[in-house]
Amino acid sequence: MGKALEGVRILDMTHVQSGPTCTQLLAWFGADVIKVERPGSGDATRGQLRDVPDADSLYFTMLNHNKRSVTLNTKTESGKQIFAKLIEECDVLVENFAPGAIDRMGFPWEKIQEINPRMIYASIKGFGPGPYEDCKVYENIAQSTGGSASTTGFLDGPPTVTGAQIGDSGTGLHLAFGIVTALFHREQSGKGQRVEVAMQDAVLNLCRVKLRDQQRLEHGPLTEYSQFGQGIEFGEATPRAGNDSGGGQPGWILKCKGWETDPNAYVYFITQAAVWGNICDLIGKPEWKEDPDYATPNARLDKIPQIFDTIEEWTKTLGKFEVMAQANPLNIPCGPILSMKELSEEPSLRATGTVVEVDHPTRGKYLTVGNPVKLSESPSDVVRSPLLGEHTDEILKSVIGYGDEEIAAARDEGAI
Ligand code: COA
């Protein structure tokens, strides 16, 4: 069985997290991803948050699997020549430099199109056109400017960023989707095109339920927010909603046995209307089934915090997995709060390739995430990340047809 993107060649000018997430996804699906890095230093993340001295950091390795690394200084003369030849031979150029950096290298979109009209040129920037288009952006700035931070956290606390890297990895995912769409379009048109995703836009796309709530606010209070049950008035903007479910089925995080010492002894519990009767029986409140104050979702709206307090009295008597074991057979949706330690040790995630152990020549064995998207006909595996410049000679020879002398000359000039 072949890999889905075999035959697609990506000129990967990405660095840090957002862009590399995108090109790693494409590489997992079989694209030949050629990561271009500055000679000597490479992607800054190679040396950031190091846990093993002199070895590529986990930050770098976990974002750059299945790629080949070529060193190239695109600001030297022969570096520019090599870069132009790579543009000629590749299908997609991906970059996430600060605005204007590729232009400053001497390769504006018009020139790229001239060199290769089939080229798809994909970029991540912090913002789209507008007042902030020239600004640099990192993960938490995107979370802050895309609507995530203002709607995350507790009502009486400050805006909060989430652990999920929705600004970086979230934008990378969007860009990968844009690239594959443009490749599909090229099949019919024969032409490349520009693909752009702004981190602010990607985060807002992921926060759309909060934009939904912003508009609902104009028509009255958000009755499914616990704030409503607590009698706290709503302001002008979508508020922070703690652990409210965000959907039509109320939910909350509840303490389980051992919560006093175990920071993750909690369960997310959803009072889905369809199984309300089962919930009442399970927590020892069968009388709520017929009580008009509790029997319907509408009657319960102003009592949500109090209902969860009662359910918590029950969950506190059990471990989080025991809650699951009792609730699941009754079709009650709930999920244990799993720590990174538990996830890294979970056998089923290893079995599906969602968590993978990789061996690396300088840092040894480590765990990483594998491709979360499973295709039935196109397998995906995880190959260790490349060392800096590991494939420079190989790529210059096989992709742009350079001989030993040209490679030596480029090396003498400091171009590779
Ligand atoms: N050869 C020669 N020069 C190279 C090069 C290479 N192979 N690779 C990078 N450079 C140069 C760039 O051309 C740029 O030079 P210039 O400023 O003279 O034009 C310079 O290196 C630095 O690039 P820059 O993108 O400004 O890096 P930074 O470390 O200062 O900023 C970010 C990092 C992430 C803030 C910035 O790249 C950015 O805002 N990117 C877009 C948003 C984004 O993706 N953010 C999330 C990152 S996880």
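**Close-up views of the predicted model**

**View 1. Polar contacts of the Lys320 side chain.** The side chain of Lys320 comes within 2.7 Å of the backbone oxygen of Ile337. In this predicted model, the Lys320 side chain also takes part in a polar contact of 3.0 Å with the side chain of Glu342. Lys320 belongs to helix H14, which covers residues 320–327. Is Lys320 buried or exposed? With a relative accessible area of 7%, Lys320 is buried, because the limit for that class is under 20%. Leaving aside residues up to four places away in sequence, Lys320 touches Cys256, Asn264, Ala265, Tyr266, Pro336, Ile337, Leu338 and Glu342.

View 2. Arg186 is part of helix H7. Its relative accessibility is 6%, so Arg186 counts as buried. When residues up to four places away in sequence are set aside, Arg186 touches Asp91, Arg118, Ile120, Lys191 and Gly192.

**View 3. Residues around the ligand.** The ligand is surrounded by 22 residues, of which Leu72, Ala98, Arg104, Lys136 and Val137 are the closest. Which side chain has an N or O atom 2.5 Å from an oxygen atom of the ligand? That side chain belongs to Lys136. An N or O atom in the side chain of His15 lies 3.0 Å from an oxygen atom of the ligand. For Thr74, a backbone N or O atom is found 3.1 Å from a nitrogen atom of the ligand.

**View 4. The largest pocket and its lining.** The largest pocket holds about 910 Å³ of space. Its lining consists of 28 residues, and those nearest the centre are Gln17, Met62, Ser169, Thr368 and Val369. Two or more lining residues come from each of helix H1 (18–28), helix H2 (58–61), helix H7 (169–189), helix H15 (340–345) and strand S11 (364–369). Helix H1 gives the largest share of this lining, four residues. How many residues of the lining are nonpolar, polar and charged? There are 18 nonpolar and 10 polar residues, and no charged ones.

**View 5. The second largest pocket and its lining.** A volume of about 520 Å³ is found for the second largest pocket. The lining comprises 23 residues, with His15, Arg38, Gly42, Phe97 and Met105 closest to the centre. Strand S2 (32–37) and helix H4 (101–104) each contribute at least two residues to this lining. The largest share, three residues, is supplied by strand S2. By class, the lining has 10 nonpolar, seven polar and six charged residues. His15, listed here among the residues closest to the pocket centre, is also the residue whose side chain has an N or O atom 3.0 Å from a ligand oxygen atom.

View 6. The chain contains 18 helices and 11 strands. Its C-alpha atoms fill a box of roughly 85 × 45 × 40 Å along the principal axes. Of the 416 residues in the chain, 45% are buried; Lys320 and Arg186 belong to this class. Among contacts in the chain with a separation of 6 or more, 66% are between residues 24 or more positions apart.

Terms used:
Residues are numbered from 1 along each chain as its sequence is written. This is a predicted model: local features need pLDDT of at least 70, side-chain atom pairs count only at pLDDT 80 or more; totals for chains, interfaces and linings use all residues. Side-chain values use heavy atoms; hydrogens and water are left out. On a 1 Å grid over the protein atoms alone, a cavity is a set of points where a 1.4 Å probe fits but cannot get out, and a pocket is an open set with protein on both sides within 12 Å along at least five of seven lines; lining residues have an atom within 4 Å of a point. Grid points are joined across faces, edges and corners, and a volume is the space filled by probe spheres set on the points. Ala, Val, Leu, Ile, Met, Phe, Trp, Tyr, Cys and Pro count as nonpolar, Asp, Glu, Lys and Arg as charged, and the others, Gly among them, as polar. Buried means under 20% relative accessible area, exposed over 50%, partly exposed in between (1.4 Å probe, protein chains only). A polar contact is a pair of N or O atoms within 3.5 Å; within protein, one must be able to donate a hydrogen and the other to accept it, and residues adjacent in sequence count only if both atoms are side-chain atoms. Contact means heavy atoms within 4.5 Å. A residue is near a molecule or strand if one of its heavy atoms lies within 4 Å of it.
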